[in-house]
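Welcome, and thanks for taking a look at this one. Please have the sequence and the model open side by side as you read the notes below.

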Amino acid sequence: MLGLVSVTFRKLLPEEIILLVSRAGLSCIEWGSDIHVPETEPINAEKIGELTAAAGLKVSSYGTYYRLLASQKEQFEQYLHCASLLKAPNLRIWAGTLSPAAADADYRTKAAAELSDLCKMAADRGLTVSLEYHRGTLTQTAESTAALLDCVAADNLFTYWQPNPEISHTDHLAEIALLKDRISNIHVFQWEHNGTRRPLSIGTDVWKDCTDALGGFFSDRDFLIEFVEDDSESAFLDDAATLKCWASR
């Protein structure tokens, strides 16, 4: 499915995001826990899930800010409860607070042990867990991500993927090749090396390579637009049109 990550528009109300995604002709939303669906507000989570479904949209995932070795397991219980009410099949969490280069063996072992516990908790509710693929965490590189996934070896554990603007296109394709079958969803954006946001259409050729490497758009993965030029609704609509065009090829 094609969709939007709600944190792209933190200033918009959930109802406004639902309308925007519907207007764009996309199919799903990853709801973030920081603004729109806090884990401490289960009644709100249930409401947002109902509003999403009523608009004919799917909840792709619950984008949490749970961090390994930094958050509390009691908080994860809250996330699990809200994910169920939201009707989110997956929870996205963060792989700690250290990059692979900064993390020693003890840190990695403890992170894997905690992650294993979280996956068991999620499995009890029929939910999957996916790691945010991000700099400054144990998922900064494909190799470190694969090592963490291997160590936990849970059937309901996956990773997201998104392009790191600091590395080359060739490196992006190598990351996908290493992680391909373990990638759940994709965060889609077009950034320059310095982090400047650009229209998605500029990246047509490089994204074609990436989506081809991922097996195309017609798989179980969701391709989710995240962060657009100038935080503009019109830029999002343009990017959504681009994404739909790519998927229809």
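Which residues in α1 meet which residues in α8? L20, R23 and A24 in α1 meet E233, F236, L237, A240 and K244 in α8, where contact means heavy atoms within 4.5 Å. This is a predicted model, in which local features need pLDDT of at least 70, side-chain atom pairs count only at pLDDT 80 or more, and totals for chains, interfaces and linings use all residues. Residues are numbered from 1 along each chain as its sequence is written, and side-chain values use heavy atoms, with hydrogens and water left out.

**Helix packing: α1 with α8**

- Two packed helices are described by the angle between their axes and the distance between the axes.
- α1 packs with helix α8 (residues 233–247) at an angle of about 40°, and their axes are 9 Å apart. Helices (H or I, at least four residues) and strands (E, at least two) are DSSP runs numbered from the N terminus. Axes are lines fitted to C-alpha atoms, for helices over the stretch in contact, with angles running from 0 to 180 degrees between N-to-C directions.
- That angle makes α1 oblique to α8; angles under 35 degrees count as roughly parallel, over 145 as roughly antiparallel, 65 to 115 as roughly perpendicular, and the rest as oblique.
- Sorted by class, the contact of α1 with α8 has 5 nonpolar, no polar and 3 charged residues. Here Ala, Val, Leu, Ile, Met, Phe, Trp, Tyr, Cys and Pro count as nonpolar, Asp, Glu, Lys and Arg as charged, and the others, Gly among them, as polar.

**Helix packing: α2 with α3**

- α2 and helix α3 (residues 73–86) pack at an angle of about 30°, and their axes lie 7 Å apart.
- That makes α2 roughly parallel to α3, and the crossing of α2 and α3 is right-handed.
- On the α2 side, the contact is made by P42, A45, E46, I48 and G49, and on the α3 side by H81, C82, L85 and L86.
- By class, the α2 contact with α3 has 6 nonpolar, 2 polar and 1 charged residues.

- The axes of α5 and α6 cross at roughly 15° and come within 9 Å, which makes α5 roughly parallel to α6.
- α5 passes α6 in a right-handed crossing.
- A142, E143, T145 and A146 in α5 meet E175, L178 and L179 in α6; by class, this contact of α5 with α6 has 4 nonpolar, 1 polar and 2 charged residues.
- T145, in helix α5, is buried, with a relative accessible area of 0%. Buried means under 20% relative accessible area, exposed over 50%, and partly exposed in between (1.4 Å probe, protein chains only).
- Leaving aside neighbours within four places in sequence, T145 is in contact with Y133, L138, T139, T159 and L179.
- T145 and R125 are 20 residues apart in sequence and 24 Å apart in space, C-alpha to C-alpha.

**Salt bridges**

- Side chains of opposite charge can pair when their charged atoms come close. A salt bridge is a side-chain nitrogen of Lys or Arg within 4 Å of a carboxyl oxygen of Asp or Glu, and by this rule the count comes to 11 salt bridges.
- K47 forms a salt bridge with E15, and the closest N and O atoms are 3.5 Å apart. K47 lies in helix α2 (residues 42–54) and E15 in helix α1 (residues 14–24), so the pair ties together parts that are 32 residues apart in sequence.
- K47 is partly exposed at 42% relative accessibility, and E15 is partly exposed at 33%.
- R135 forms a salt bridge with E166, with the closest N and O atoms 2.9 Å apart. R135 lies in the loop between β5 (128–131) and α5 (142–152) and E166 in the loop between β6 (157–161) and α6 (169–179), so this pair ties together parts that are 31 residues apart in sequence.
- R135 is partly exposed at 31% relative accessibility, whereas E166 is exposed at 54%.
- R182 forms a salt bridge with D150, the closest N and O atoms being 2.3 Å apart. This pair links distant parts of the chain, with R182 in the loop between α6 and β7 (183–188) and D150 in helix α5, 32 residues apart.
- E30, R92 and E132 are linked in a network of salt bridges.

Definitions and conventions. A crossing is left-handed if the near helix is turned anticlockwise from the far one by less than a right angle, and right-handed if clockwise.
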